[in-house]
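Please keep the sequence and the model in view while reading.

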4 protein chains.
Amino acid sequence: MTDSGRTNPARGQGRLGIWLVGARGSVGATTVVGVLAVRARLAPSTGLVSELPEVACAGLPGLDRVVLGGHDLGDESLAKRAERLASGGVLPAGLLPLVAEELAAVDGRLRPGYHRETGEPQAAAVDRLQRDLEEFRAENGLAHVVVVDVASTEAPVPTEALTEGPLVDVEALDRALAAGEAPLPASSAYVLAAYRAGCPVVSFTPSPGPRLPVLEEVARRQGLPWAGSDGKTGETLLKATLAPMFATRALHVGSWASYNMLGGGDGATLADPERAASKLATKARGLEAILGHPVEGPMHIDYVADHGEVKTAVDHVSFEGFLGARMSLQFTWTGYDSALAAPLVVDLARLVLRAREVGETGPLPLGFFFKDPAGSTEHRLSAQWDALVAWCARLGEGA
Amino acid sequence: MTDSGRTNPARGQGRLGIWLVGARGSVGATTVVGVLAVRARLAPSTGLVSELPEVACAGLPGLDRVVLGGHDLGDESLAKRAERLASGGVLPAGLLPLVAEELAAVDGRLRPGYHRETGEPQAAAVDRLQRDLEEFRAENGLAHVVVVDVASTEAPVPTEALTEGPLVDVEALDRALAAGEAPLPASSAYVLAAYRAGCPVVSFTPSPGPRLPVLEEVARRQGLPWAGSDGKTGETLLKATLAPMFATRALHVGSWASYNMLGGGDGATLADPERAASKLATKARGLEAILGHPVEGPMHIDYVADHGEVKTAVDHVSFEGFLGARMSLQFTWTGYDSALAAPLVVDLARLVLRAREVGETGPLPLGFFFKDPAGSTEHRLSAQWDALVAWCARLGEGA
Amino acid sequence: MTDSGRTNPARGQGRLGIWLVGARGSVGATTVVGVLAVRARLAPSTGLVSELPEVACAGLPGLDRVVLGGHDLGDESLAKRAERLASGGVLPAGLLPLVAEELAAVDGRLRPGYHRETGEPQAAAVDRLQRDLEEFRAENGLAHVVVVDVASTEAPVPTEALTEGPLVDVEALDRALAAGEAPLPASSAYVLAAYRAGCPVVSFTPSPGPRLPVLEEVARRQGLPWAGSDGKTGETLLKATLAPMFATRALHVGSWASYNMLGGGDGATLADPERAASKLATKARGLEAILGHPVEGPMHIDYVADHGEVKTAVDHVSFEGFLGARMSLQFTWTGYDSALAAPLVVDLARLVLRAREVGETGPLPLGFFFKDPAGSTEHRLSAQWDALVAWCARLGEGA
Amino acid sequence: MTDSGRTNPARGQGRLGIWLVGARGSVGATTVVGVLAVRARLAPSTGLVSELPEVACAGLPGLDRVVLGGHDLGDESLAKRAERLASGGVLPAGLLPLVAEELAAVDGRLRPGYHRETGEPQAAAVDRLQRDLEEFRAENGLAHVVVVDVASTEAPVPTEALTEGPLVDVEALDRALAAGEAPLPASSAYVLAAYRAGCPVVSFTPSPGPRLPVLEEVARRQGLPWAGSDGKTGETLLKATLAPMFATRALHVGSWASYNMLGGGDGATLADPERAASKLATKARGLEAILGHPVEGPMHIDYVADHGEVKTAVDHVSFEGFLGARMSLQFTWTGYDSALAAPLVVDLARLVLRAREVGETGPLPLGFFFKDPAGSTEHRLSAQWDALVAWCARLGEGA
């Protein structure tokens, strides 16, 4: 791996901001600790795609240029959250004292988040969130700030809400906000604030966020790049990897059963069937796209508090080969959700900041990172990797 | 899938031969039954890569143009062997009566194989094998014949035998044969006979076969194409698929344990540690090439008679992610060895026949099919697929 | 194994009947074919607990004394169903022609079943079913007939229906039937008919059947033995085996996730959440009883048509050991539902017939076979085995 | 669980010693930390069989009566070793500071071990080891001391060495020692020293230890109880649990493949094929005993340094059911070797000390804990549990 992420001082003309929506959550806290640890050379860059030469060549900003901030609804300190992650096995026990001071500094830059149920008028909330971003940029002298959503998953927006009412176009949205309505899901309110503040956006969750057509239009008008959605960290990563093997070997996948167990906060959220709907929909999409036909198979996401920070995916694939021979592949993927997600958050933030620097706009070709890639129907991991590498090469040439 | 494999009469100007060394084995018999069944539309083309549009576009010969023959040391009829495969679950029970007549016809074209321990002088044996091929071609009016080795695995040739003695060059080999010596392993004797008869070769096993430098030289002098070696049907297929995921996600694979259970004839052969050496060596090669560093991990191939025709691979991958988080992937692949191998044999035979038609020579870019791809260090399945597709497109343009 | 099941002519003073409710289903057909094949020595007695010396010593009736009959709602012939089972891998392909004649004879003894939705008054139906049993007994000169329910699972009876209304006691039930009501679920109507005909009963499903208190009372008044319920053939069998290990090793099971995939008819039935409720309730019961505390864990039964006759259970057990060490056990159980159930049906029929011969009454100590054992709170398989062996020894002494 | 292990002061009339051979190893250090932590109520008694009421009723000594000491060849401090275990996930991170003082005290009681290759005459070594034990007893005022072998596994003694030479009887052994020979493997030298010092012995490893007939004779002459051998903590525990299920269900196990991966010190030792022989032999024994027939199946123990303290067993069981149906069970057991072994060491020490108190002699009925139970051919876990419970009840009555 290159060392560009740490040292590259030549390129570091200015400082850049990463603003985490949901900064105090497991993924948020792991991201913050990770950035601090890797740039202080307290940990290797394992897991950071942006440190691979094929990606780093894009001219990505070094981690030493990065300033972290964020929104959150909770008030548990980052230090406390990090301790819980350490006792859950996600973070190495000895690391936290070494980054405690910087962690406290980041904590000092976090601001209260927004929730639809608090009574705060949505228009006022969007203004407030926008101000938070502008102040963060000004106070820290940042050339650009990317806003990354790592907050809890929200329920999907009903499709009928996209064809009539306040979400049909920018003007209708503005009118509704001005009229004291709350037309946006919280994840999209953050995005609107970001766009108004001139910040590009990464949606790491399946929440609506920047995927509402009306917000795509706002991004277009502002000339901003964005990326999403739903980070691909476990079962779907395996599907994107394995399904092309069946396809190119002309093997017929008859069923693919997918069982997911999650312990942490994300698990509890997804125990809510309405929110799970978001997740399950994006999880199912890729398989059919790769195999070219629908595939039978149960898909469950279960909350198992006992599993703590561990995320386990157990899949059973039944397929047919030559002359109808019945065969199977089973796998079990056991990982720490936050340890899988956090480095991708860092990667995406760096890539989107770089894209902003060189003036890219609209949904970026970052399907490699996402379950539900905006602007692409390609779900095969290797093809997504090839696309990423090609794009990084272009960015590296000054794009 | 296209239908080119069955009907394409326009292109079928001449008949072509597929000659199986080890025709009476599990893979051989499944290949024969499969060709007969698919071209009679008694079975779908599942498992045949050569029926996917990206490959079929190479202008591959239809299966109706193919005549089958082969060598074998045993004398169990193909019908008997096929029955055993049917009762082991590899072949559908009802299929055999429907292809019985054609199966008997193929049986009638099989000739006795060659074994070093029988006392037959190797020079005479090579002559005999060559004559068998020439008669097969003449009697059936075949434009070309491809020889595919699906016989039992042989032990590797000691490396010192490649730098001195009768295998160092073609002239030394000829002298040794003339002197009554038996310098070649059996798999390579078949290849020499094939090359002398003007036949291209596919080595589907890890046996030395065409991989001896002296035989590469013979192929060069004859202007023949060839492909090898060691068909990639199970665990290595999974490794070629999964390892790039770890690599492109910057995850550090710390160990990869590989346990293989095999019941059929191949299993018994591989219980012989000397022969297993061949297999294990080619199995280990790819992982290190893809990950860029050696990976610890036991690798066993065990013969379990009770498993019958089933081949099971159980792998345990331990990897490290962000900030040193320890995670794992386990998988179990359960398949019928012959059902996985046979369609690839058909694919390779068609591809090499097409390459011969258009005048390609030397090792062909067919790493997609092999554990130990001749002429390539690329082991990532998706990259091998891309290379195959590109080559097929060229072949399709008349190459 | 002893040979008592086949030959023991000395003991075979009279013929006995096994009447299968759901005879044309997968389990029913496998049971019939199995009895015919084993007694004709066309198959070994593998899977038959009743052939183990510790159980056979009870003086169980030989299979040559058994006459088979049954009820079913469908009209697919046993031969047809058996063929489908053979092509699904449950029955050996070559067996069916050898038992075809006897199979047809059993087919001739099957009678139309009862379904609540057909409009047939329940009182009339019970009379009809009772007559079927009495005629079966008379026409075949049978000393005793046991009725075994292997039909599709029904939804549970709401608990409030047990405390008021027609199910509270025998008199209320009789009045309701006389009044033209249909107070009983179908499974219980069969049981009432059986008891009225003097037949003992085995409930192999989780349907209410003989478990309604009012029917327990009928059995008591008639002095009949019965056994139930819900045959233990897969995941629960494993739980009954493994959970005591954790308990006696003082290991704390924190969660036990249970994922079941079923392809056959039973799978489709259980895709109906109301019926699945029956199954899931009895599945959960044992674990808590053995471990002494409730255990978190998702439990799903999913219908996967592609799996055909195969039933797969995938379990993930997370447990804590010394000083809080986190450890896990995962298992995958892959079997043919009918092949697992059918021999137990035969075992239970023989055991209950023997119990009837020696005059036992009430729920029999057969928890070894059941997920939800009537009359017992013991769920540990080894303890259930010890109880079975002890009881068989008593039966063998003439009880 | 009862609390007898911690408080029972009424019964604690005297102090008792547990002497660990291999005290500085993973199992040794975990045992020491565990005793200190549980008796200080810093950890629950999870994993301690001796705290279950059915076992505690034997009148087992409370942990507060226990003094710890031991032999070891190494000189890494217990504190250092414990730290490594904590960073490997075996011990909770926060625990060590709380027991540091007591841990240092135990460290101060450890003495240099014995190794055959050091040149120390064996007779002198046995005297030295005996003196260590006697001083430990005297200095700490201990009523009894039990010696538990948790050192690295030794190779088995060739069977011919048992029928002629210095190991044939006590007198020959004494003569050989007096003559300056070293007839005993190290594990047995420790046992001889223990017996001479009047100490009962537990052999937790597959090393020869007390299993040499000549040492059985020494124990007999001294009237001492002993227990062994080879603690049952993983795969064999599962076999002892699962195999009876197949047996009592009359299912025919056709093959049982057993793959073990070990990272810690034990793994490295077992990478030595000679020593692995010891382990593999005892592992294979039980399965055949339970099933009543030999069972095909590879069994490997592989050292995988990358796995650290984790021990993983991956088993694949193929079995045949009714009418020959082919089915399978696969499991993966993932645990910390030391966390599984240490509580059993504590249990065995307490049970053997209690047996010594009440005057039991010879091999004790403790097969529940061992892969290769001395004095018993019973390998079924539940039967071993029943035997343990019955014996504990007798001990509790003052035996």
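The largest nonpolar core holds 535 residues, and those that touch the most other members are A:Val148, B:Val148, C:Val148 and D:Val148. A nonpolar core is here a set of buried Ala, Val, Leu, Ile, Met, Phe, Trp, Tyr and Cys residues joined through C-beta atoms within 7 Å. A residue is called buried if 20 or more other C-beta atoms lie within 10 Å of its own, exposed if 12 or fewer, and partly exposed in between, with C-beta atoms placed from the backbone. The model is a predicted one, in which local features need pLDDT of at least 70 and side-chain atom pairs count only at pLDDT 80 or more, while totals for chains, interfaces and linings use all residues. Residues are numbered from 1 along each chain as its sequence is written, and chains are lettered from A and ligands numbered from 1 in the order in which they are written.

What surrounds C:Val148? Apart from neighbours within four places in sequence, C:Val148 is in contact with C:Ile18, C:Trp19, C:Leu20, C:Val21, C:Val202, C:Phe204, C:Val345, C:Leu348 and C:Ala349. Contact between two residues means that their C-beta atoms, placed from the backbone, lie within 7 Å. In soluble globular proteins, nonpolar side chains tend to be buried together.

The open sheet of chain B comes next. This sheet has 7 strands in the order E3-E2-E1-E4-E5-E6-E11, with parallel pairing. Strand E3 (110-112) and strand E11 (362-363) of chain B stand at its edges with a single partner strand each, so one side of each has no neighbour in the sheet. Strands (E, at least two residues) and helices (H or I, at least four) are DSSP runs numbered from the N terminus, and two strands pair if DSSP finds at least two bridges between them. Within the sheet, strand E1 (residues 15-21) and strand E2 (residues 66-72) of chain B run parallel and are joined by 6 bridges. B:Gly17 in this pair stands opposite B:Val67 in E2(B).

Chain A is divided by its domain assignment, automatic or from a database, into domain 1 (9-231 + 339-396) and domain 2 (235-336). The centres of these two domains of chain A, taken over C-alpha atoms, are separated by 26 Å. Their contact takes 23 residues from domain 1 of chain A and 24 residues from domain 2 of chain A. On the domain 1 side, helix H12 (337-357) and helix H13 (381-396) of chain A are the elements that give two or more residues. That side divides into 8 nonpolar, 10 polar and 5 charged residues. For such counts, Ala, Val, Leu, Ile, Met, Phe, Trp, Tyr, Cys and Pro are nonpolar, Asp, Glu, Lys and Arg are charged, and the others, Gly among them, are polar.

Strand E10 can be followed in chain C. Strand E9 (residues 310-320) of chain C runs antiparallel to E10(C), with 11 bridges joining the two, and C:Val314 stands opposite C:Thr332 in E10(C). The hairpin of E9(C) and E10(C) has 5 residues between the strands, and C:Leu323 takes a positive phi near 60° there. Because 11 of the 11 residues of E10(C) are buried, this strand is largely enclosed by the rest of the structure. C:Arg326, C:Ser328, C:Gln330, C:Thr332, C:Thr334 and C:Tyr336 point one way from E10(C), whereas C:Met327, C:Leu329, C:Phe331, C:Trp333 and C:Gly335 point the other way.

Strand E10 (residues 326-336) of chain C also joins E10(D), running antiparallel to it over 7 bridges. Here C:Ser328 stands opposite D:Thr334, and the bridge partner of C:Trp333 is D:Leu329. The contact of the two chains takes 46 residues from chain D and 46 residues from chain C. The largest share of the chain D side, 10 residues, comes from E10(D). That side divides into 29 nonpolar, 14 polar and 3 charged residues.

Chains A and B are also in contact, with 46 residues of chain B meeting 46 residues of chain A. Strand E10 (residues 326-336) of chain A pairs with E10(B) in the antiparallel sense over 7 bridges, and B:Thr332 is the bridge partner of A:Gln330. Chain B is superposed on chain A by a rotation of 180° with 0.0 Å of shift along its axis (RMSD 0.0 Å). The two copies are therefore related as by a two-fold rotation axis. The superposition is by least squares on the C-alpha atoms of residues with pLDDT of at least 70 in both copies. Of the residues of chain B, B:Phe331 comes closest to the rotation axis, at 2.0 Å (C-alpha).
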